[in-house]
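I opened a new model today and kept notes as I went. Have a look at it yourself before reading on.

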Amino acid sequence: MARPDTARLQATARACRVQIIRMLAHAGSGHPGGSLSVIDILTTLFFNRLRFDPKRPDWPARDRVVLSKGHCVPALYSVMARAGFFPESQLVTLRKLGSPLQGHPDRTALPGIEAATGSLGQGLSISLGMALGLRLADSPARVYCIIGDGESQEGQVWEAAMAGPKLGQPAHPLDNLCLILDYNKIQLDGFVKKIMDLEPVVAKWKDFGWPVLEIDGHNVEQIDKALDQAEATKGRPTFIVAHTVKGKGVSFMENDPEWHGRAPKPAEAIRAIREILGVSDAAWGDYVKTDRATAAIVAELERLEKT
Amino acid sequence: MPPKASRAAFGEALLELAATDDRIVTVDADLSKSTMTIGFAKAHPDRAFNVGIAEANMVGIGAGLALTGKVPFVCSFACFIVGRFETIRMSVAYTDANVKLVGTHAGIAIGEDGYSQMGLEDIACIRALPNIPIIQPGDETETKQAVAYAVGHQGPLYLRLTRQALEPVSPPGYRFQLGKSVVLRAGTDVTILASGGTVSNALDGATRLAAEGVHAEVINAACIKPLDEELILRSAGKTGHVVTVEDHSVAGGLGGAVAELLSEVLPTPLRRLGVSTFGESGDPRGLYAKHGLDPAGIADSVLKFLNR
């Protein structure tokens, strides 16, 4: 893989963060914290890594992303829209009656979604089956599965963890699979460490036979390098522990369990967007005059506030 | 044709179909000798996957294989596979993955192992999912045709199979069709709907009833979902009395499905025969007698129902 264009990926991730905030504010419910923690990983995957064609979402040789932590699907919708699977204008239909943008991923509703997820703990098993099926077909496609830290408390994750390095051996090892943990340290009820600590998480997965990489899940260069290493690792699937910050990019959401599953109100959303774009309160008025796309999103949120 | 367990007929059919269809794969959870996929696994070791005793993972892996174009038969005892209902609900049903779920060891007829190994609630669970047909074949002929049907069916499907041998019941020239049932014995006084392990007992019960002057119509309802509504309503309209006989909980199975149909469309006196307690260890014949699912028990229940 070519060196990532870091500035371009960071700009894309910022734009996707804005869209996440926008769609959640319009939906009035949903999960900002984990969507903001996983977005740099999804951005790097979709815009520097995956082989896909939005016009042929069922292309057999496409790479697959299974977002096992399905409640963070706003992040996936934001990258899918930007990648051309559907228009960005459709993002505001999230969670609305009749929309293909269901509150959690629905494969049958939206082409490009690889599996229904959101009942936690199931995505890795599906990904193992996909990786095995692709190996049996001698397909070059790769499978990327993203799980959450709270999700890792589910028993099925550990059934799948035990199977990953063993399934398909010796003829069809699942080295076409990369599992990424969005380790944002917070779950619905509070801090993972207090509820049911995962530690020592690296040692656990190593003991289950997975090569483990540890990275900063907001650093696109580190993400990309780890994905390179995973692709170069033969004979076994790779596990990447991505240390992240829940609510990353919005000061009042960061590291606060409150923002696991509450949508920003329009005024909060506008402030969040300003912070994501790195504009001071004083400079905001002038900034919005120069950025028409953001101005439109802000105007739309202001209208929402009045309804 | 000698009696044969539907799980054994399934194993043979799978092996035969797999010879010309390399999409077929199996996923087992350490019960391949019991689900009878072992023959397939020996012939096609590269297409048979044993994930160990981890049924939820088995179901999910099956879904993933299906999403890459394989036709996976995902097999365990009915109670263990449907016991992972939440994984079936999300990874198979809602995902609309082309997985063939196979639950063997249906009902109390497994006998000595007792309740923990008996599939008694599986039909009720799967029936609640909107997109999974349920097929419970009544003999070897029907099983082999149902397996062939399952391979061609696009979408998830549940096949419920027996441990015990089943007497041949299919009429000559029988062709399995989804959503179609077949009248095995015509009658005018009462309709008996049976499925899987209870079909031949229902036929023997009808013979006993004939000696009492009661002419029972016996229907093999292999398709529990979708039901053959037309045939059932026609028969119920003719006889005015319906009895369901199944080796499953009386709640939510064939009896439940028929009760829902009749009460909405053609209210008809109905008696549901099945299992209304937990199962227990014992010899299969003794268990069927205890629960009134043997020919004598079925005939007795029908006579009482008809006030004869």
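Here are my entries, in the order in which I looked things up.

**Entry 1: ground rules**

I noted that this is a predicted model, in which local features need pLDDT of at least 70, side-chain atom pairs count only at pLDDT 80 or more, and totals for chains, interfaces and linings use all residues. Residues are numbered from 1 along each chain as its sequence is written, while chains are lettered from A and ligands numbered from 1 in the order in which they are written.

**Entry 2: the two domains of chain B**

I found chain B divided into domain 1 (4-166) and domain 2 (182-305); such bounds come from an automatic or database domain assignment. The C-alpha centres of these two domains of chain B lie 25 Å apart. I then looked up contacts, where two residues count if their C-beta atoms, placed from the backbone, lie within 7 Å. In chain B, 27 residues of domain 1 are in contact with 31 residues of domain 2. On the domain 1 side, helix H7 (122-127), strand E6 (134-135) and helix H8 (140-152) of chain B each give two or more residues. H7(B) gives the most, with three residues. Helices (H or I, at least four residues) and strands (E, at least two) are DSSP runs, numbered from the N terminus.

**Entry 3: a covered strand**

Next I picked strand E4 (residues 71-77) of chain B. Are its residues buried or exposed? Seven of its seven residues are buried. A residue is buried if 20 or more other C-beta atoms lie within 10 Å of its own, exposed if 12 or fewer, and partly exposed in between, with C-beta atoms placed from the backbone. Five bridges join strand E2 (residues 24-28) of chain B to E4(B), and the two run parallel. Here Asp28(B) has Cys75(B) in E4(B) as its bridge partner. Another five bridges link E4(B) to strand E5 (residues 100-104) of chain B, again parallel. For Phe73(B), the bridge partner in E5(B) is Lys100(B).

**Entry 4: a five-stranded sheet**

I moved on to an open sheet of chain B with the strand order E9-E11-E10-E13-E14 and mixed pairing. Strands pair if DSSP finds at least two bridges between them. The edge strands, each pairing on one side only, are E9 (182-185) and E14 (270-275) of chain B. E10(B) and E11(B) run parallel and are joined by five bridges. Leu193(B) stands opposite Ile219(B) in E11(B). H10(B) packs on the sheet, touching E10, E11 and E13 of chain B, and its direction makes about 150 degrees with that of E10(B). H11(B) packs on the sheet too, touching E10, E13 and E14 of chain B, at about 145 degrees to the direction of E13(B). For these angles, axes are lines fitted to C-alpha atoms, for helices over the stretch in contact, and values run from 0 to 180 degrees between N-to-C directions.

Which residues of helix H10 (residues 229-239) of chain B are buried? I listed Ile232(B), Ser235(B), Ala236(B) and Thr239(B). They lie on the same side of H10(B) because they cover an arc of only 100 degrees around the axis; the arc is that of the directions from the helix axis to the C-beta atoms. On the other side of H10(B), Glu230(B) and Gly237(B) are exposed. The buried residues of H10(B) pack against strand E10 (190-194), strand E11 (216-220), strand E13 (242-249) and helix H11 (254-265) of chain B. Just after H10(B), Gly240(B) takes a positive phi of about 80 degrees.
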